[in-house]
Amino acid sequence: MNEHGKIYWHEVFYEGLKLEFEQYKDFLEFQTEHRLSKEALRVDVLVIKKDKNIQIDKNIGKIFRGHNLF
């Protein structure tokens with residue numbers, strides 16, 4: 001929490017996703033605060049599935065496509 005009372009959860013969420021998919025770390029790429037354009041649009045976490053043939057058995061991972069925005 002910063003001095004203005006805001007909670008910055010993006011880093012915690014990012015690290016939590018990485019921890020949840022630790023066993024697939026060779027097949028997934030994680031990028032935090034990924035810019036969508038030159039403007040201020042950003043997503044919290046971008047997860048890239050590097051191998052389209054890998055089967056991810058985690059609940060949310062079952063729906064992963066090539067690029068996944070959170």
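These notebook entries record what I looked up in a predicted model of a protein.

**Overall fold**

I began with the secondary structure and found 1 helix and 3 strands. Following the chain along its sequence, I noted the pattern α-β-β-β.

**Burial and surface**

I then looked up how much of the protein is covered. Of its 70 residues, 27% are buried. The exposed surface comes to about 5600 Å², and carbon and sulfur atoms supply 52% of that area.

**Contacts across the sequence**

I next considered contacts between residues at least 6 apart in sequence. Of these contacts, 34% join residues at least 24 apart.

**The largest nonpolar core**

Which residues form the largest nonpolar core? I listed 11 residues: Tyr 14, Leu 17, Phe 21, Tyr 24, Leu 28, Phe 30, Val 45, Val 47, Ile 54, Ile 56 and Phe 64. I then traced this core to the secondary structure: α1 (10-20), β1 (28-35) and β2 each supply at least two of its residues.

**A closer look at Gly 66**

I located Gly 66 in the loop between β2 (42-49) and β3 (67-69). Is Gly 66 buried, partly exposed or exposed? I recorded a relative accessible area of 35% for Gly 66. Buried requires under 20% and exposed requires over 50%, so Gly 66 counts as partly exposed.

Leaving aside residues up to four places away in sequence, I found that Gly 66 touches Val 47, Ile 48 and Lys 49. For Gly 66 and Ile 48, I noted a C-alpha to C-alpha distance of 5.7 Å, with the two lying 18 residues apart in sequence. Val 47, one of the residues that Gly 66 touches, also belongs to the largest nonpolar core.

Note on methods:
Residues numbered from 1 in each chain as written. Predicted model: local features only at pLDDT ≥ 70, side-chain atom pairs only at ≥ 80, totals over all residues. Heavy atoms only, no water. Helix = DSSP H or I, 4+ residues; strand = E, 2+ residues; numbered from the N terminus. Buried < 20%, exposed > 50% of the residue type's maximum accessible area, 1.4 Å probe, protein only. Contact = heavy atoms within 4.5 Å. Areas by Shrake-Rupley, 256 points an atom, 1.4 Å probe, with all protein chains shown as cover. Core = buried A, V, L, I, M, F, W, Y, C linked by side-chain atoms within 4.5 Å.
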